[in-house]
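Trainee: I would like to learn how to read the features of a model like this one, step by step. Could we begin with the strands and then move on to the side chains?

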Amino acid sequence: ATIIPDAKKEPEQTITLAFTDTVKKKNLDGNVKAWLLPLKNPENEDEHWMSQNEVNQDLLEKSEELSFRIAETLEESSDRFGLVFDAPEERDIYVRIEQGIKSDSGYELAKKTDAVMRAPIYPKEAKIVGQGGFMAASGSRTLSIQARGIDAVKVFVRRLLPDQLQH
């Protein structure tokens, strides 16, 4: 799992599914599932789950199903798809791809595929909202800042005189 910016440059948690042949997006509907695993592995008291072999059907039934959407692709068929989701950072996720998915060449996924991965951490960032980085010389002198994952932002404001501008 990784962070990929969307069209508006907002970060999204994404899992990339890679196939050896092209598959139609509609063939994935209902054949890909994801769950948020419990915070601790009861078998070995580790903080995180290390392998899909540690997960059984009973545990999945007790786990919260993770909703996701399949990211848009340029073509109807592709060999790579992104599952876009929103999970608590560093939480373990169990993903299952069911058997029977057919590729465009007619090949069929012979057995289900399972994987355990960790939800990525969103980047820490601060940015000035709007265009440019200057405040107006008159009127409202507010500076809007959008922040993610940080507790405080330190801003230095300096005065720029008209003769210091170069067009």
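Trainee: In what order do the four strands of the open sheet stand?

Mentor: Please keep in mind that this is a predicted model. The four strands of the open sheet follow the order 4-3-7-8, and their pairing is antiparallel. Strand 4 (64-65) and strand 8 (113-118) stand at the edges, each with a single partner strand, so one side of each has no neighbour in the sheet.

Trainee: How many bridges join strand 3 to strand 7?

Mentor: Strand 3 (residues 32-36) and strand 7 (residues 92-97) run antiparallel and are joined by five bridges.

Trainee: Is lysine 9 buried or exposed?

Mentor: The cut-off for exposed is over 50% relative accessible area, and lysine 9, at 65% relative accessibility, therefore counts as exposed. A second case of positive phi in a residue that is not a glycine is glutamate 90, with a value of about 65 degrees. Glutamate 90 lies in the loop between strand 6 and strand 7, and at 43% relative accessibility it counts as partly exposed.

Trainee: Let us turn to the rings. How many aromatic pairs does the structure hold?

Mentor: The structure holds two aromatic pairs. Planes over 60 degrees apart count as edge-to-face; the rings of phenylalanine 19 and phenylalanine 81 have their planes at 75 degrees and their centres 6.3 Å apart, so this pair is edge-to-face. Because phenylalanine 19 lies in strand 2 (residues 11-24) and phenylalanine 81 in strand 6 (residues 77-85), the pair ties together parts that are 62 residues apart in sequence. Phenylalanine 19 counts as buried at 17% relative accessibility, and phenylalanine 81 is buried with a relative accessible area of 2%.

Trainee: Which residues form the tilted pair?

Mentor: The tilted pair is formed by tryptophan 35 and tyrosine 94, at 5.9 Å centre to centre and with 50 degrees between the planes. Tryptophan 35 lies in strand 3 and tyrosine 94 in strand 7, so parts 59 residues apart in sequence are tied together by this pair. Tryptophan 35 is buried, with a relative accessible area of 9%, and tyrosine 94 is buried as well, with 3%.

Trainee: Which residues of the largest nonpolar core touch the most other members?

Mentor: This core has 20 residues, of which Ile15, Leu28 and Ile93 touch the most other members. Strand 2, strand 3, strand 6 and strand 7 are the elements that give two or more residues to the core, and the largest share, four residues, comes from strand 2.

Trainee: What does isoleucine 15 touch?

Mentor: If residues up to four places away in sequence are not counted, isoleucine 15 touches Ala1, Phe81, Gly82, Leu83, Phe85, Ile93, Val95 and Met117. There is also a second, separate core of eight residues, which includes Trp49, Leu60, Tyr94 and Val116.

Terms used:
Residues are numbered from 1 along each chain as its sequence is written. This is a predicted model: local features need pLDDT of at least 70, side-chain atom pairs count only at pLDDT 80 or more; totals for chains, interfaces and linings use all residues. Side-chain values use heavy atoms; hydrogens and water are left out. Two strands pair if DSSP finds at least two bridges between them. Rings of Phe, Tyr and Trp (its six-membered ring) pair if their centres lie within 6.5 Å; planes under 30 degrees apart count as stacked, over 60 as edge-to-face and the rest as tilted. Buried means under 20% relative accessible area, exposed over 50%, partly exposed in between (1.4 Å probe, protein chains only). A nonpolar core is a set of buried Ala, Val, Leu, Ile, Met, Phe, Trp, Tyr and Cys residues joined through side-chain atoms within 4.5 Å. Contact means heavy atoms within 4.5 Å.
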